[in-house]
Amino acid sequence: MSDSHTQPLEIRPLMISRKMEIDWADGHTSDLSFEYLRVECPCAECKGHTPDEARVITGKEDVSIVDVLPVGNYAIQIHFSDGHSTGIFTWEYLRRLDAQQAETA
């Protein structure tokens, strides 16, 4: 169940700046780099089935987004230029990434 905190109104991959902007229903706008999205891909190949299996993803500074596909009413699937496309990014996960990226900035 989504609330206004985790309900996107618009998702814009900006190819020149290599950032994805997400306007949320609560008025917040996320600004996530393509590299950060790729490195933090939530798929089992990247994150593993347990924390011990998680891989450290590096060398993705120049990755682009090729396509963004909706997954139901709760997520998107991002196709990256390195051929990776198995991660399902839920609204909640994207909002969490936004908060984590802000903490490290």
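Let's start with one pair of residues: in this predicted model, Pro 70 has Ile 76 of strand β5 as its bridge partner. Strands β4 and β5 pair in the antiparallel sense, and six bridges link them.

Now widen the view. Which strands form the open sheet, and in what order? There are three, arranged β4-β5-β6, with antiparallel pairing. At the edges sit β4 (65-71) and β6 (88-90), each pairing on one side only. On average, neighbouring strands here are turned by 30 degrees against each other, direction ignored. Helix α3 packs on this sheet and touches β5 and β6. The direction of α3 makes about 80 degrees with that of β6.

Next, look at the start of the chain. Strand β1 (residues 8-14) and strand β2 (residues 19-24) pair in the antiparallel sense over six bridges. Together β1 and β2 form a hairpin, with four residues between them. Leu 14 finds its bridge partner in Lys 19 of β2. In the turn, Arg 18 has a positive phi of about 55 degrees.

How confident is the predictor, and where? The protein chain averages a pLDDT of 92, and 95% of the residues score at least 70. The table shows the elements with the lowest and highest mean values.

| Element | Residues | Mean pLDDT |
|---|---|---|
| helix α3 (lowest) | residues 91-104 | pLDDT 89 |
| strand β5 (highest) | residues 75-80 | pLDDT 98 |

As a reading tip, where pLDDT is low, the predicted coordinates should not be read in detail.

Technical notes. Residues are numbered from 1 along each chain as its sequence is written. This is a predicted model: local features need pLDDT of at least 70, side-chain atom pairs count only at pLDDT 80 or more; totals for chains, interfaces and linings use all residues. Side-chain values use heavy atoms; hydrogens and water are left out. pLDDT is the predictor's confidence in each residue, from 0 to 100. Helices (H or I, at least four residues) and strands (E, at least two) are DSSP runs, numbered from the N terminus. Two strands pair if DSSP finds at least two bridges between them. Axes are lines fitted to C-alpha atoms, for helices over the stretch in contact, and angles run from 0 to 180 degrees between N-to-C directions. Contact means heavy atoms within 4.5 Å.
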